[in-house]
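User: Hi! Could you walk me through the aromatic rings and the bent helix of this model?

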Amino acid sequence: KIRHCSSFNFGFRQFNRMLPLLFMGFLRLATHKGLEYQEHASEYGVHWNFFFTLALLPLIVAILPGPSWKLPAVILIVYQGMLAFGGFQEWIEQSP
């Protein structure tokens, strides 16, 4: 029970850390769409912004295993391959 309670508290703390960044991300998304502000799709795509990336980092760090260079290297190689050869970059930049 103690372990379950501490993992629940850890998850709750991570969620509380994410809330302000998620709020700012949705606020930025709403204001940019509402004001029809110019967006550079080559940075994060059409619907993504840096606040969402920052908000998800604590969750990703909590899920991933301990420090290692192997998993990030595999993710980097697969993602770059998808961008270069899989048509993923065009989809990110031009999705509705």
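Analyst: Happy to. The model is predicted, so local features need pLDDT of at least 70 and side-chain atom pairs 80 or more, while totals for chains, interfaces and linings use all residues. Residues are numbered from 1 along each chain as its sequence is written, and side-chain values use heavy atoms, leaving out hydrogens and water.

User: Is Y79 buried, partly exposed or exposed?

Analyst: Y79 has a relative accessible area of 39%. That value lies between the 20% and 50% cut-offs, so Y79 is partly exposed.

User: How do the rings of F88 and W91 pair?

Analyst: Rings of Phe, Tyr and Trp (its six-membered ring) pair if their centres lie within 6.5 Å; planes under 30 degrees apart are stacked, over 60 edge-to-face and the rest tilted. For F88 and W91 the centres are 5.4 Å apart and the planes are at 20 degrees, so the pair is stacked.

User: And which class do Y79 and F88 fall into?

Analyst: Their ring centres are 6.0 Å apart. With the planes at 85 degrees, the pair is edge-to-face.

User: Where does α3 bend?

Analyst: Helices are DSSP runs (H or I, at least four residues), and strands are E runs of at least two, numbered from the N terminus. A bend is the angle between axes fitted to the seven residues ending at a residue and the seven starting there. In α3 this angle is about 35 degrees, with the proline P58 following within four residues, and the bend is at L57.

Note on methods:
Buried < 20%, exposed > 50% of the residue type's maximum accessible area, 1.4 Å probe, protein only.
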